[in-house]
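Please look at the sequence and the model first, then read the points below.

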Amino acid sequence: MKKITIAIDGFSSTGKSTLAKQLAKKLKYVYVDTGAMYRAVTLYAFQNGFIDNSSFDEKALIADLDSIKIHFVFNSRKGFAEVFLNDVNVEKEIRTLEVSQLVSQVSAVSEVRTKLVQQQQEMRKDNGIVMDGRDIGTVVFPDADIKFFMTASADKRAKRRYKELLDRGEENITYERVLKNVESRDYIDSTREDSPLVKADDAIGIDNSDMGLEEQFDRVYNLILRYV
Ligand code: C5P
């Protein structure tokens, strides 16, 4: 079987990473969650006092970018790679609503994008890769063998993310806060100057508002089989 590059982009909480993980498992490919990388940089900026809810010292973050090392380690028990920030596993810390509320500002900074995109491009190996994010099909791998662009209604996405946060034990969250975050992230991600979230011309659109996980997987996997 030929080993290919699969790019999955789309709006927040459309289940990109769930689908990407399923595909990577089935195809025995590497899976890279690029959102985790932007979240890790955001966590670093927050921990170092460069950003909070009311201010963002972009210059200080840019000056300190070389101190940020991000890498992934495969967790065989969980079946996917976890993200490390300067050798510390931050998989849990990066998924909080607090980080979600700051990440789109950090990921709009060109210097941050340049650093992470380079690292993402270096992760491509000959043995197949599934990468998900916002600019994979447009910027990171414009030559990807197959590209998907995922959408779903804001309400469905917020409900899924709200449940996920509750399951993780996060407190002080409401559906309304999560919905607001999903909408504001999509707005910032789609309107930023550098690498805005747009569907690549050659991407296949998947609206999963009313689609179960199994149906979605079968549909996407059958399309992929034409390329491998
Ligand atoms: O995928 P996830 O929702 O975890 O991504 C978090 C944020 O990281 C996005 O809202 C976006 O601002 C940023 N991001 C990005 N480019 C990517 C992946 C994520 O700008 N390739």
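In this predicted model, a polar side-chain atom of Arg185 lies 2.8 Å from an oxygen atom of the ligand. The protein covers 97% of the 450 Å² of accessible area that the ligand has on its own.

**Around the ligand**

- There are 15 residues around the ligand, and those that come nearest are Arg39, Ser107, Asp135, Asp189 and Arg192.
- For Arg39, the distance from a polar side-chain atom to an oxygen atom of the ligand is 2.7 Å.
- For Ser107, a polar side-chain atom is placed 2.8 Å from an oxygen atom of the ligand.

**The annotated binding site**

- An unreviewed UniProt entry carries the annotation "binding site" for Gly10, Phe11, Ser12, Ser13, Thr14, Gly15, Lys16, Ser17 and Thr18.
- Of these residues, Ser12, Ser13, Thr14, Gly15, Lys16, Ser17 and Thr18 are included in the lining of the largest pocket.

**Ser12**

- Ser12 sits in the loop that runs between β1 (5-10) and α1 (16-27).
- Ser12 counts as buried because its relative accessibility is 0%, and the cut-off for buried is under 20%.
- Leaving aside residues up to four places away in sequence, Ser12 touches Arg134, Arg157, Val182, Arg185, Asp186 and Asp189.
- With one of these, Arg134, there is a polar contact between the two side chains, at 3.3 Å.

**Thr18**

- Is Thr18 buried or partly exposed? Thr18 counts as partly exposed, because its relative accessibility is 33% and this class lies between the cut-offs of 20% and 50%.

**Val139**

- Val139 belongs to helix α6, which spans residues 136-140.
- A relative accessibility of 30% is why Val139 counts as partly exposed.
- Contacts of Val139, not counting residues up to four places away in sequence, are with Val117, Gln121 and Ser195.
- Val139 and Lys3 are 136 residues apart along the chain, and 21 Å separates their C-alpha atoms.

Key
Residues are numbered from 1 along each chain as its sequence is written. This is a predicted model: local features need pLDDT of at least 70, side-chain atom pairs count only at pLDDT 80 or more; totals for chains, interfaces and linings use all residues. Side-chain values use heavy atoms; hydrogens and water are left out. UniProt positions are given in the numbering used here, feature names are shortened, and annotations may be inferred rather than shown by experiment. On a 1 Å grid over the protein atoms alone, a cavity is a set of points where a 1.4 Å probe fits but cannot get out, and a pocket is an open set with protein on both sides within 12 Å along at least five of seven lines; lining residues have an atom within 4 Å of a point. Helices (H or I, at least four residues) and strands (E, at least two) are DSSP runs, numbered from the N terminus. Buried means under 20% relative accessible area, exposed over 50%, partly exposed in between (1.4 Å probe, protein chains only). Contact means heavy atoms within 4.5 Å. A polar contact is a pair of N or O atoms within 3.5 Å; within protein, one must be able to donate a hydrogen and the other to accept it, and residues adjacent in sequence count only if both atoms are side-chain atoms. A residue is near a molecule or strand if one of its heavy atoms lies within 4 Å of it. Accessible areas come from the Shrake-Rupley method with a 1.4 Å probe; for residues, only the protein chains shown count as cover.
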